[in-house]
Amino acid sequence: MSKSVLLLPGDGIGPEIVAEAEKVLHKVNEQFDLGLVFDSAHVGGAAIDATGVPLPDDTLDKARKADAILLGAVGGPKWDGLEMAIRPEKGLLGLRSNLELFGNLRPAILYPQLASASSLKPEVVSGLDILIVRELTGGIYFGQPRGVRELEGGERQGYNTYVYSESEIRRIGRVAFEAAQQRNKKLCSVDKANVLEVTVLWREIMEELSKDYPDVELSHMYVDNAAMQLVRAPKQFDVIVTGNMFGDILSDEAAMLTGSIGMLPSASLNSDKQGMYEPCHGSAPDIAGQGIANPLATILSAAMMLRYSLQAEDAAQAIEAAVSKVLDQGLRTADIMSDDGRKVTTREMGEAVLAAL
Ligand code: NAI
Ligand code: MG
């Protein structure tokens with residue numbers, strides 16, 4: 001049966017990097033006989049220019065029907081003056097909420113070839129390969145009531161509500177346990193169960209779920225300690241699962257251990273394993289149109305897409321191996337350039353990955 005992939009290049013460097021990932025996808029589609037069919041649509045600023053809105057109905061329709069979505073990035077100075085409701089970012093948020101993409105997977109991988117890019121000592125981070133699973137559609141970022149109110153006597157008080165229901169915890173837990181099963185079978189659940197009742201429940205549900213995944217070793221850690229351990233000895237982790245706010249902070253922290261935003265992919269999944277895949281970086285307007293952006297984060301996002309939404313693990317591994325090979329060859333876009341590297345353009349990097357495949 002054929003599977004459909006929707007390409008959403010978006011803005012800035014988006015079209016440049018998605019073009020390279022698209023070539024790579026076509027190549028593995030042939031090599032591994034995956035039966036993928038491709039379509040594309042506008043989102044973000046590109047959609048505003050074409051239709052007046054950041055998430056046109058046609059794009060949302062196509063997104064709902066696709067098995068997986070590969071997105072470049074949205075936004076840029078051209079649209080910064082627009083009011084909130086029709087800004088490019090609304091396109092992205094609209095896709096996340098309409099498709100209920102609650103499971104955010106953010107790997108932090110440091111290729112040994114780039115160990116000097118990290119701010120930590122090479123021996124602490126070299127070979128780092130961890131995955132942070134962040135709940136993306138609940139928790140304190142969405143809880144009601146919220147606001148700023150005036151107390152008696154006139155003092156103002158800001159408040160938010162931290163809530164997670166059992167079913168929300170269970171579904172993100174399953175995503176994390178399943179990801180751990182596909183990796184090194186170690187899952188660390190991060191909470192603040194010594195202070196926050198929400199996370200006492202979180203911990204209970206994770207324990208309960210672990211009975212369904214006897215091959216995965218579950219541990220728990222308080223978030224403050226986790227933040228510390230990530231910079232002290234990050235390689236102790238395999239998969240980390242946590243709520244929206246803790247995950248926001250820890251995933252950025254973990255990402256920066258690798259020192260290179262141009263290398264980091266991400267996935268956002270729903271209950272049907274449908275997913276949206278995108279690089280962690282933005283549309284990089286400062287270098288857009290110059291052909292020098294690093295396409296590897298997007299190419300690695302395509303690999304994640306094959307793994308998590310398209311059941312094509314072999315093809316995913318082939319892409320990851322090809323990326324590692326071009327780094328071995330010393331090929332470097334400007335953002336990961338080192339003394340002994342050979343500087344290449346976006347297209348040259350894409351072509352090198354194709355050749356390595
Ligand atoms: P950014 O990630 O676009 O850029 C930060 C810095 O990293 C820039 O110097 C850029 O040139 C560089 N960079 C980013 N990706 C790169 C790549 N693949 N290769 C080489 N260098 C790369 O973040 P910034 O500057 O904060 O935001 C720019 C625009 O992107 C804004 O409009 C923002 O709203 C949007 N944005 C969109 C995101 C998305 O679509 N998911 C995420 C973050 C920002
Ligand atoms: Mg963040």
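Predicted model: local features only at pLDDT ≥ 70, side-chain atom pairs only at ≥ 80, totals over all residues.
Helices, as I use the word today, are DSSP runs of H or I with at least four residues, and strands are runs of E with at least two, both numbered from the N terminus. With that in hand, please look at Glu100, which sits in the loop between helix 4 and strand 4.

Residues are numbered from 1 along each chain as its sequence is written, and chains are lettered from A and ligands numbered from 1 in the order in which they are written.

Let me begin with the whole protein. Its secondary structure comes to 12 helices and 14 strands. The radius of gyration, taken over C-alpha atoms, is 20 Å, close to the 21 Å that the globule rule (2.2 Å times the number of residues to the power 0.38) gives for 357 residues, so the protein is as compact as a globular protein of that length. Of these 357 residues, 48% count as buried, where buried means that 20 or more other C-beta atoms, placed from the backbone, lie within 10 Å of the residue's own, exposed means 12 or fewer, and partly exposed is in between.

Next, the domains. An automatic or database domain assignment divides the protein into domain 1 (1-106 + 265-357) and domain 2 (129-257), and the C-alpha centres of the two lie 26 Å apart. Across the boundary, 13 residues of domain 1 are in contact with 15 residues of domain 2, contact meaning that the C-beta atoms, placed from the backbone, lie within 7 Å. On the domain 1 side, helix 4 (89-98), strand 4 (103-109) and strand 11 (265-269) each supply at least two residues, and strand 4 gives the most, with 4 residues.

What surrounds ligand 1? There are 23 residues around it, the closest being Gly75, Gly262, His281, Gly282 and Asn294, where a residue is counted if its C-beta atom, placed from the backbone, lies within 6 Å. By class, this shell has 11 nonpolar, 8 polar and 4 charged residues; here Ala, Val, Leu, Ile, Met, Phe, Trp, Tyr, Cys and Pro count as nonpolar, Asp, Glu, Lys and Arg as charged, and the others, Gly among them, as polar.

Now consider helix 12 (residues 346-356), whose buried residues are Thr346, Met349, Gly350 and Val353. Seen down the helix axis, these residues fall within an arc of 100°, so they line one face of helix 12, the arc being that of the directions from the axis to the C-beta atoms. An α-helix has 3.6 residues a turn, so residues three or four places apart point the same way. The buried residues of helix 12 pack against helix 1 (14-31), helix 10 (296-308), helix 11 (313-328) and strand 13 (331-332).

Finally, some backbone details. Most residues other than glycine have a negative phi, and most peptide bonds are trans. Glu100, however, has a positive phi of about 50° although it is not a glycine, and with 16 C-beta neighbours inside 10 Å it counts as partly exposed. Gln311, in the loop between helix 10 and helix 11, has a positive phi of about 45°. A cis peptide bond, with omega about 0°, joins Gln144 and Pro145, and Pro145 is found in the loop between strand 5 (129-135) and strand 6 (147-150).

Definitions and conventions
Contact = placed C-beta atoms within 7 Å.
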